[in-house]
Amino acid sequence: MAGRSIFEDVTGAEKPATQAGVIDRTGRSGGRKAVRAWLGVLFGLVVLMIAVGGLTRLTDSGLSITEWNPISGAVPPLNAAQWQAEFDLYRAIPEYQLQNQGMSMAEFKVIYWWEWGHRQLGRVIGLVWAVGLLGLLLARKVPAGWTPRLVVLGALGGLQGAIGWWMVSSGLTGTMLDVASYRLATHLGLAFVILSLIAWYMLMLSRPQSELLVARREGHVPLRQFATVLLVMTFVQILLGALVAGIDAGRNYVDWPLMAGAFTPPEMWVLEPVWRNLFENDGTVQFFHRIAGYVLFLGLIWGWLRGRKSGNSATSAAFAGVLAMGVVQMLIGIVTVMNSAPWHLAIAHQFGAVVLIVLVMRARHRAVYPLPQSVRS
């Protein structure tokens with residue numbers, strides 16, 4: 001024991017090296033950055049998909065392709081006979097017979113290309129997911145524990161395609177001029193779930209796992225819980241917005257803050273059975289979208305006030321950013337309604353929803369895993 005340092009027991013070589021979390025201890029160099037870059041590409045494609053889907057709805061193009069052929073449907077009509085066959089299928093559905101009677105082939109091609117582009121973009125996203133994940137696995141770049149999460153993204157993408165056809169099929173029979181609004185809301189809602197998951201995964205991969213483990217111990221539990229509530233509220237508001245879009249409810253009742261001169265729209269519960277009003281009555285659907293927007297806005301203000309007390313400047317700034325975007329989104333929504341929802345304002349409002357939910361995800365991540373800051377800060 002002679003000459004032995006008093007600190008040797010805690011600094012000597014015999015002490016086992018401290019291992020980081022399960023994601024980092026695989027030794028796969030650059031894995032987190034590689035997966036994050038691939039997810040970034042998927043994120044951009046999903047945002048584009050949401051915009052293209054919105055324009056497909058606004059241009060009444062979604063029912064122009066009346067069959068679901070995931071493989072052969074990738075090839076569009078190549079000659080006059082094939083175009084005529086597609087047009088004949090479209091002329092057999094209610095939208096043509098009750099709304100677009102007399103449409104020319106040239107007009108049909110416009111809506112066909114919108115829907116074909118929408119479906120083709122879905123195939124591209126699936127291909128990017130499959131090829132990207134396979135390449136990362138072969139290169140051993142996927143961090144430990146992450147493969148199941150990345151596979152789930154692909155499974156949700158496949159489910160999204162099936163739900164898309166379920167949505168389209170609702171408008172091919174009977175007297176439907178559009179797809180069922182609740183199916184449209186399901187389709188758009190799942191798109192936002194996929195987008196939110198990708199955003200969360202990118203946030204998780206933006207910092208070393210060892211740093212996240214340390215940061216979690218400094219997390220603000222009440223603020224995290226409130227951020228989760230805000231996330232749910234934002235998602236519900238997006239679903240209500242999809243119901244508005246599904247029946248073009250944003251193009252009626254163009255006054256604000258009243259509706260047709262009153263707080264509630266006229267004949268709000270006129271449809272029977274009464275639950276149909278929640279999906280098919282344009283005044284009722286828009287009313288609840290407005291009310292949910294006000295409630296969400298109050299929640300964003302409360303989140304900002306709570307975020308200011310977190311003690312972490314980055315977390316506080318994240319909640320301030322959410323509130324700022326909430327103000328912008330609310331103003332865009334008001335202007336959109338007061339102008340009877342022209343396509344450019346409607347798409348801007350939809351894109352605002354994308355930005356808002358991603359910012360809420362980031363604020364929640366900051367509450368769970370606050371960024372390190374100096375004692376002076």
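## Histidines and helix packing

Colleague: What relative accessibility does His349 have, and is His349 buried, partly exposed or exposed?
Modeller: Buried means under 20% relative accessible area, exposed over 50%, partly exposed in between (1.4 Å probe, protein chains only). The relative accessibility of His349 is 22%. Therefore His349 counts as partly exposed.

Colleague: What kind of model is this, and how are residues numbered?
Modeller: This is a predicted model, where local features need pLDDT of at least 70, side-chain atom pairs count only at pLDDT 80 or more, and totals for chains, interfaces and linings use all residues. Side-chain values use heavy atoms, leaving out hydrogens and water, and residues in each chain are numbered from 1 as its sequence is written.

Colleague: How many helices and strands does the protein chain have?
Modeller: Both are DSSP runs, numbered from the N terminus: helices are H or I with at least four residues, strands are E with at least two. Along the sequence, the pattern is α-α-α-α-α-α-α-α-α-α-α-α-α. The count is 13 helices and zero strands.

Colleague: Which residues carry the "binding site" feature in UniProt, and where do their C-alpha atoms lie?
Modeller: The unreviewed UniProt entry places this feature at His289 and His349. They span 61 residues in sequence, but no two of their C-alpha atoms are more than 13.1 Å apart, so they gather at one spot. UniProt annotations may be inferred rather than shown by experiment.

Colleague: Which helix holds His289, and which histidine does His289 touch?
Modeller: His289 is buried, at 16% relative accessible area. The helix is H11, residues 282-308. Contact means heavy atoms within 4.5 Å. Leaving out residues up to four places away in sequence, His289 touches Gln237, Leu240, Gly241, Val244 and one histidine, His349.

Colleague: Where is His187, and is His187 buried or exposed?
Modeller: His187 is in helix H7, residues 181-205. Beyond neighbours within four places in sequence, the contacts of His187 include His118, Gln160 and Met167. Relative accessibility is 13%, so His187 counts as buried.

Colleague: Which helices do the buried residues of H8 pack against?
Modeller: In H8 (209-217), Gln209, Leu212 and Ala215 are buried. They cover an arc of only 115° around the axis (directions from the helix axis to the C-beta atoms), so they sit on the same side of H8. An α-helix has 3.6 residues a turn, so residues three or four places apart point the same way. The packing partners are H2 (31-58), H7 and H13 (343-368).
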